[in-house]
Amino acid sequence: MGQETTNASDIQQATTAYSVRSSLRVPGPADRAFAVFTERLADWWVKEYTWSGPQQLAKLGIEPGSGGMLYEIGPHGFRADWGRVLDWQPPRRLVFNWQIGPDRAPVPDPARSSVVEARFAPQADGTTLVDVEHRDFDRHGEAAEGYREALTAGWYELLSRYAAAVEDTVVQD
């Protein structure tokens, strides 16, 4: 794959009733791929997926380290936390709770939230294999399978944008 552009068609997905796994290769080393995923979330996250919406979203981010929050800051400085970092191992692994329910309402109880794990594996050709698994949808109750189905498409869109953001960093180098 070398340094050429990652096409959305290069994203591979596999699902079960309660999980979706997405994989893609991005150009460059794992530390760059990890940094774009964690430090430049606002560059690739779909603004329409936020509670604030694209017009009022002021900031979107991940606080580094285990226990850090995934958050957005919206109108009038209102902060909404929508996940908690469970494991932070740069540049190889990030795990966090997905504390957004199928109805888009916050899920404050981590035992009722699903989990996202992102792995970044350097490849011999200088690319990085990025594997994102969103699992434990059964914790979201009766709507779990439909929610997983919706987020299968959601992760495809997110990772397409993520790949473009990584490629932008290659072009800037």
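## Pocket lining

Ala, Val, Leu, Ile, Met, Phe, Trp, Tyr, Cys and Pro count as nonpolar, Asp, Glu, Lys and Arg as charged, and the others, Gly among them, as polar. With that in hand, the lining of the largest pocket divides into 12 nonpolar, 2 polar and 3 charged residues. A pocket here is an open set of points on a 1 Å grid over the protein atoms alone, where a 1.4 Å probe fits, with protein on both sides within 12 Å along at least five of seven lines; lining residues have an atom within 4 Å of a point.

Of the 17 lining residues, Tyr 49, Trp 98, Arg 104, Tyr 147 and Leu 151 lie nearest the centre of the largest pocket.

## About the model

This is a predicted model, in which local features need pLDDT of at least 70 and side-chain atom pairs count only at pLDDT 80 or more, while totals for chains, interfaces and linings use all residues. Residues are numbered from 1 along each chain as its sequence is written, and side-chain values use heavy atoms, leaving out hydrogens and water.

## Rings around Trp 45

Let's turn to the aromatic rings. The structure holds 14 aromatic pairs (rings of Phe, Tyr and Trp, the last by its six-membered ring, with centres within 6.5 Å; planes under 30 degrees apart are stacked, over 60 edge-to-face, the rest tilted). Trp 45 and Trp 98 form a tilted pair, 6.1 Å centre to centre with 40 degrees between the planes. Both Trp 45 and Trp 98 are buried (under 20% relative accessible area, 1.4 Å probe, protein chains only).

Trp 45 and Trp 155 have ring centres 6.1 Å apart and planes at 90 degrees, so this pair is edge-to-face. Trp 155 is buried too.

Technical notes: Buried means under 20% relative accessible area, exposed over 50%, partly exposed in between (1.4 Å probe, protein chains only).
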